[in-house]
Amino acid sequence: MKNSSDKKDRLERFVRDNRDGFDTFLPQDSLWSQIESQLHNEIPIVPEKSKKKIRRLSNPYFDWRIAAGVFLALGIGFLAYLNNKYGITRDPNVALKVPAYAREFNQYNVAIDQKREEIIKLARNNPELYKDFSADLESLESSYKNLRSNLSNAPNQEALLEAMVQNLQLQVDLLNQQLEILQRINKVKNDNDKENSDAPVI
């Protein structure tokens with residue numbers, strides 16, 4: 001600290017003593033490079049990279065954007081988890097009105113969708129049978145939709161919920177039976193095709 005004040009005093013004395021010379025003469029071309037070299041010796045130079053880091057850390061909006069991004073990602077993940085478990089997007093009325101049953105309903109609906117896809121794959125070669133199967137399932141589905149529409153104003157909501165669960169169980173059982181029939185038909189067809197291909201050509 002004392003060294004700094006000594007330099008300042010010497011500089012002030014030098015300017016005072018040489019004031020007339022400053023006013024009449026032009027500075028030398030090398031003066032600025034001398035001043036710059038002295039400044040570099042006294043003041044540490046901060047690299048550009050560290051300056052940028054310091055600016056970023058001092059920016060209050062930077063931290064909020066990261067926090068908002070993390071919060072948004074967690075929120076979306078949590079909603080996806082709830083939807084997977086309780087089927088909020090599949091059947092929001094049931095999920096919001098009776099959350100205790102929502103998980104069970106969602107499990108049945110996921111199973112029904114999977115079995116339907118299997119039936120569609122297996123019944124490609126037999127469209128008439130698929131139409132019959134679809135008609136049987138549609139009657140159960142319309143019954144389920146009627147039960148679901150009465151859910152909000154049902155006097156005995158618990159009994160209605162049990163009837164809805166029973167309907168979903170019947171749908172799953174029906175689809176299982178249809179799958180078994182299709183698998184047997186396809187097995188017989190595959191066995192016949194195999195026998196025909198193994199038969200000697202005359």
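How many helices and how many strands are there in the protein chain? There are 9 helices and 0 strands. Helices here are DSSP runs of H or I with at least four residues, strands are runs of E with at least two, and both are numbered from the N terminus. Read from the N terminus, the elements go α-α-α-α-α-α-α-α-α.

Some housekeeping. This is a predicted model, in which local features need pLDDT of at least 70 and side-chain atom pairs count only at pLDDT 80 or more, while totals for chains, interfaces and linings use all residues. Residues are numbered from 1 along each chain as its sequence is written, and side-chain values use heavy atoms, with hydrogens and water left out.

Now the chain as a whole. Of its 202 residues, 19% are buried. Buried means under 20% relative accessible area, exposed means over 50%, and partly exposed is in between, with a 1.4 Å probe and protein chains only. The accessible surface is about 16,300 Å², and carbon and sulfur atoms hold 56% of that. Those areas come from the Shrake-Rupley method with a 1.4 Å probe, and for residues only the protein chains shown count as cover. On contacts, meaning heavy atoms within 4.5 Å, take those with a separation of 6 or more: 61% of them join residues 24 or more positions apart.

Next, the core. In soluble globular proteins, nonpolar side chains tend to be buried together. A nonpolar core here is a set of buried Ala, Val, Leu, Ile, Met, Phe, Trp, Tyr and Cys residues joined through side-chain atoms within 4.5 Å. Which members of the largest core touch the most other members? They are Phe 105, Leu 161 and Met 164, out of 24 residues. Helices H7 (99-122), H8 (127-149) and H9 (157-198) each supply at least two residues of this core, and H9 gives the most, with 10 residues. Leaving out residues up to four places away in sequence, Leu 161 touches Val 98, Tyr 101, Phe 105 and Leu 151.

The expected span of a helix is 1.5 Å times one less than its number of residues. Gln 114 is 61 residues from Leu 175 in sequence, and the two C-alpha atoms are 9.8 Å apart in space.

H8 has 23 residues and should span 33 Å; its end C-alpha atoms are 32 Å apart, so that agrees as well. Among its buried residues are Leu 129, Phe 133, Leu 140 and Tyr 144, together with Ser 134 and Glu 141. With residues up to four places away set aside, Leu 137 touches Arg 116, Gln 171, Leu 174 and Leu 175. Leu 137 and Gln 171 are 34 residues apart in sequence but 6.7 Å apart in space, C-alpha to C-alpha.

On to charges. How many salt bridges does the structure hold? It holds 2, where a salt bridge is a side-chain nitrogen of Lys or Arg within 4 Å of a carboxyl oxygen of Asp or Glu. One of them pairs Glu 141 with Arg 116, with the closest N and O atoms 2.1 Å apart. That pair links distant parts of the chain, since Glu 141 is in H8 and Arg 116 in H7, 25 residues apart. Arg 116 is partly exposed, at 30% relative accessibility. Glu 180 and Arg 184 also form a salt bridge, at 3.6 Å from N to O. These two are 4 residues apart in H9, so about one helical turn separates them. Glu 180 is partly exposed at 44%, whereas Arg 184 is exposed at 55%.

Last, the surface. Leu 31, Trp 32, Ile 35 and Leu 39 make up a nonpolar patch with about 390 Å² of accessible area together. Patches take residues with over 30% relative accessible area and no salt bridge, joining like charges within 9 Å and nonpolar side chains (Val, Leu, Ile, Met, Phe, Trp, Tyr) within 5 Å. Ile 35 is in helix H3, residues 31-42, and counts as partly exposed because its relative accessibility is 33%.
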